[in-house]
Amino acid sequence: MIISFRCPNCETEISVPSNDVQEAVSCHECDREISLKISETIRQENKVDACPGCENVDFYVQRDFNQRVGIGIMLFFALLGLVFVGLDRPFYFYYSLAAGALIDLLLYWLLPEVTVCYACQTIFRKTEKNSAHEPFDLHISDMYQNLSEQ
């Protein structure tokens, strides 16, 4: 399993294999020691049950894909479709949207799932699926966002 998180001091993204973590990881930018508490379930079963950084137990699963890139792909095909509308080829507009949707669907099928901590946004890659973790829930996310603002 690979654990990716942000340094609380400088916001640099740090990725470490769970096997290599003892009790702390050093940030390669600011040299701050960041303590991580790797649970026995993570070590032995390769399954996420508690976040090593914040000890939270609420997680969601999503595809390992940058959402901004996905929006960019769809925006490109929508703009391409508008060009076709301007050229008086309205059916090509629908074809371009369908092409963007098809690319999105292919990426969804091909890319692996990651588990993400609601509280600190730590990402866990190459894990065994935990049946307790479901897709993103806005209500749970709002609860954690309200807690962090207090």
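Isoleucine 3 has valine 16, in strand 2, as its bridge partner. The model is predicted, with pLDDT of at least 70 needed for local features and pLDDT 80 or more for side-chain atom pairs, while totals for chains, interfaces and linings use all residues. Residues are numbered from 1 along each chain as its sequence is written, and side-chain values use heavy atoms, with hydrogens and water left out. Strands (E, at least two residues) and helices (H or I, at least four) are DSSP runs, numbered from the N terminus.

Strand 1 and strand 2 are antiparallel and share five bridges; strands pair if DSSP finds at least two bridges between them. Six residues lie between the strands of this hairpin, where glutamate 11 has a positive phi near 70 degrees. Buried means under 20% relative accessible area, exposed over 50%, and partly exposed in between (1.4 Å probe, protein chains only).

The open sheet has six strands in the order 2-1-7-6-5-8, with mixed pairing. Strand 2 (13–17) and strand 8 are at the edges with a single partner strand each, so one side of each has no neighbour in the sheet. Strand 5 and strand 6 (residues 113–117) run antiparallel and are joined by five bridges. Across this pairing, valine 61 is opposite threonine 115 in strand 6.

## Aromatic contacts

Rings of Phe, Tyr and Trp (its six-membered ring) pair if their centres lie within 6.5 Å; planes under 30 degrees apart count as stacked, over 60 as edge-to-face and the rest as tilted. The count is nine aromatic pairs. One of them joins tyrosine 60 and phenylalanine 136, edge-to-face, at 5.0 Å centre to centre and with 80 degrees between the planes. Tyrosine 60 is in strand 5 (residues 59–63) and phenylalanine 136 in the loop between strand 8 (134–135) and helix 4 (138–149), so the pair links parts of the chain 76 residues apart.

Tyrosine 60 is buried at 7% relative accessible area, while phenylalanine 136 is partly exposed at 44%.

A pocket, on a 1 Å grid over the protein atoms alone, is an open set of points where a 1.4 Å probe fits, with protein on both sides within 12 Å along at least five of seven lines; lining residues have an atom within 4 Å of a point. Grid points are joined across faces, edges and corners, and a volume is the space filled by probe spheres set on the points. The largest pocket has a volume of about 580 Å³. Its lining has 18 residues, of which Arg6, Gln62, Val116, Gln121 and Ile123 are closest to the centre. Strand 1 (2–6), strand 5, strand 6 and strand 7 (123–125) each give two or more residues to this lining.

The second largest pocket has a volume of about 290 Å³. Among the residues that line the second largest pocket are Val61, Arg63, Tyr108 and Pro135. Strand 5 and helix 3 (90–110) each give two or more residues to the lining of the second largest pocket. Arginine 63 lies over the face of tyrosine 108, 4.4 Å from the ring centre; the criterion is NZ of Lys or CZ of Arg within 6 Å of the ring centre and within 35 degrees of the ring normal.
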